[in-house]
Amino acid sequence: MLELLAPAGSMEALRAAVQNGASAVYLGCGAFNARQSAKNFTPQTLVEAIKYCHVRGVQVHLTLNTLVSDREMTEAGELIRHAAQNNIDAFIVQDLGVVQLCRQIAPGVPIHGSTQMTVHSLPGVLLCAAMGMKRVVLSRELSREEYERLVRTAREKGQKSLALLLEAICSTGIRVSEVRFLTVEAAKRGRAEISLKGKSRVILLPERLCKRLLSYAAKRGVRRGEVFLSKTGRSLDRRRIWREMKALCPLAGVRAEKVFPHNLRHLFSRVFYEITRDISKLSDVLGHSSMETTRVYLISAGAEHRRALERMRLIL
């Protein structure tokens, strides 16, 4: 039997999905989901949502599709327990540590592998099955050649801001919500300090990217603060970035369903790992370390990490 699974970023969206025929909804609660721009649910409204759906024969899947640090595991465990006690139908998970946590705390609740796991092959699916997952949402990966076409097409169409933004995301592995931390000051330092929703990390910026960011900012008269701004001087809206990327797809001959900001992060991950073969280092680059831990990492491995970033050649 086919399942019509709809996203629900708020109670209003959830009701609309149910009333329009969804057989299941997925939603986030707290900080452990990738849809941070949505309203999302609190532990209390999560219970209301589950009751509303179950009365109407609709299932509720809870997204836990972010990477979770050791210090966050207790909080994640509390959310898993709360959801299970209130009859959640499934967990959608990215972090393998969270997969284990779900199995320990709520062994009767099915676990689904999130698209953030970037599983796109039969061996990957079989590995997830061996770890106890009942379903895997396959990722739609963007190839390097497709990425290059997008950047090249943006430049040819005079969309220099979009071309640079694509390069900035893909060459650093930042999230679209972290673009505002790419500042003139960060480009001059060669690193950006990101602090978002109580989590902090430092990312190194490739030298070529820094030069392009500073040149772009200078041409636009930006002397300090965020490099990427709208015409009115505001931070770029997430929806606008998505819209511009999607509009570029037919011009570049790239399937629209493969193009979204997080897939640039996936491409960064694949290329970084191909060069370094160091999954621990990649986890540190993409994860949520404390600022102090990240600074220690930069002191011990910063130069080597910079060399790896330059070798990736994702600044075209």
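A: Gly 113 stands opposite Val 136 of β6, a strand here being a DSSP run of E over at least two residues and a helix a run of H or I over at least four, each numbered from the N terminus. The model is predicted, so local features need pLDDT of at least 70 and side-chain atom pairs pLDDT 80 or more, whereas totals for chains, interfaces and linings use all residues. Residues are numbered from 1 along each chain as its sequence is written, and side-chain values use heavy atoms, without hydrogens or water.

Strand β5 (residues 111-113) runs parallel to β6 and is joined to it by 2 bridges, where pairing requires at least two DSSP bridges between the strands. Both belong to an open sheet of 6 strands, ordered β1-β2-β3-β4-β5-β6 with parallel pairing. Its edge strands, β1 (5-7) and β6 (135-136), each pair on one side only. Helix α2 (residues 43-55) lies across β2 (24-28) and β3 (59-64), at about 150° to β3; contact means heavy atoms within 4.5 Å, and the angle, on a scale from 0 to 180 degrees, is taken between N-to-C directions of axes fitted to C-alpha atoms, for helices over the stretch in contact.

Strand β7 (residues 191-196), by comparison, pairs with β8 in the antiparallel sense over 6 bridges, and Ala 192 has Ile 203 of β8 as its bridge partner. Because 6 of the 6 residues of β8 (residues 199-204) are buried, this strand is largely enclosed by the rest of the structure; buried means under 20% relative accessible area (1.4 Å probe, protein chains only). Lys 199, Arg 201 and Ile 203 point one way from β8, while Ser 200, Val 202 and Leu 204 point the other way.

How values were computed
Buried < 20%, exposed > 50% of the residue type's maximum accessible area, 1.4 Å probe, protein only.
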